[in-house]
Amino acid sequence: MVNLSFPYHYEVDFDTWETSYFYDMDGDGRTLFSDLTTVGAYLDDKLTGFIQYGKTAFGYRR
């Protein structure tokens with residue numbers, strides 16, 4: 001991630017983005033969070049930004 005500029009824009013098609021946003025899945029169909037909260041910002045009934053946060057559904061062991 002050192003070479004990424006922020007904010008980072010990940011190029012995906014709308015269907016992939018919508019599945020991730022509404023159903024909390026990555027591109028391989030895995031659930032990302034066991035508990036997810038989404039807060040949206042709207043202007044003139046259009047979604048202009050959002051943040052999602054929660055408890056991750058996976059972990060890593062060393």
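Asp45 is exposed, because its relative accessible area is 79% (buried means under 20% relative accessible area, exposed over 50%, partly exposed in between, with a 1.4 Å probe and protein chains only). Asp45 sits in the loop between strand 1 and strand 2. Its phi is near 65 degrees, a positive value in a residue other than glycine.

This is a predicted model, in which local features need pLDDT of at least 70, side-chain atom pairs count only at pLDDT 80 or more, and totals for chains, interfaces and linings use all residues. Residues are numbered from 1 along each chain as its sequence is written, and side-chain values use heavy atoms, with hydrogens and water left out.

**Confidence**

- The chain has a mean pLDDT of 80 (pLDDT is the predictor's confidence in each residue, from 0 to 100).
- Of its residues, 82% reach 70 or more.
- Confidence is highest in strand 1 (residues 33–43), at a mean of 88.
- It is lowest in helix 1 (residues 14–23), at 83.

**Fold and surface**

- From the N terminus on, the order is α-β-β.
- The chain has 62 residues, and 3% of them are buried.
- Among contacts with a separation of 6 or more, 24% join residues 24 or more positions apart (contact means heavy atoms within 4.5 Å).

**Aromatic cluster**

- The count comes to five aromatic pairs (rings of Phe, Tyr and Trp, the last by its six-membered ring, pair if their centres lie within 6.5 Å; planes under 30 degrees apart count as stacked, over 60 as edge-to-face and the rest as tilted).
- The Trp17 and Tyr21 rings are stacked, because their centres are 4.9 Å apart and their planes stand at 10 degrees.
- Both residues lie in helix 1, four residues apart, about one turn of the helix.
- Tyr21 is buried, because its relative accessibility is 11%.
- Trp17 is partly exposed, because its value is 29% relative accessibility.
- Trp17 also pairs with Phe50: the ring centres are 5.9 Å apart and the planes are at 70 degrees, so this pair is edge-to-face.
- Trp17 lies in helix 1 and Phe50 in strand 2 (residues 46–56), so the pair ties together parts that are 33 residues apart in sequence.
- Phe50 is partly exposed, with a relative accessible area of 37%.
- One aromatic cluster takes in Phe14, Trp17, Tyr21, Phe22 and Phe50.

**Ends of helix 1**

- Asp13 caps the N-terminal end of helix 1.
- One of its side-chain oxygens lies 3.2 Å from the backbone nitrogen of Asp15.
- Just after helix 1, Asp24 takes a positive phi of about 55 degrees.

**Charge pairing**

- Side chains of opposite charge can pair when their charged atoms come close.
- The structure holds one salt bridge (a side-chain nitrogen of Lys or Arg within 4 Å of a carboxyl oxygen of Asp or Glu).
- Arg30 and Asp28 form a salt bridge through their side chains, at 3.2 Å from N to O.
- Arg30 is partly exposed, with a relative accessible area of 49%.
- Asp28 counts as exposed, because its relative accessibility is 62%.

- Ala41 belongs to strand 1.
- Ala41 is partly exposed, at 35% relative accessibility.
- Leaving aside residues up to four places away in sequence, Ala41 touches Lys46, Leu47, Thr48 and Gly49.
- Ala41 and Ile51 are 10 residues apart in sequence, and their C-alpha atoms are 8.8 Å apart in space.
- Asp44 lies in the loop between strand 1 and strand 2.
- Asp44 has a positive phi of about 55 degrees, although it is not a glycine.
- Asp44 is exposed, because its relative accessibility is 70%.

Conventions: Helix = DSSP H or I, 4+ residues; strand = E, 2+ residues; numbered from the N terminus. Polar contact = N/O pair within 3.5 Å; in protein donor to acceptor, adjacent residues only side chain to side chain.
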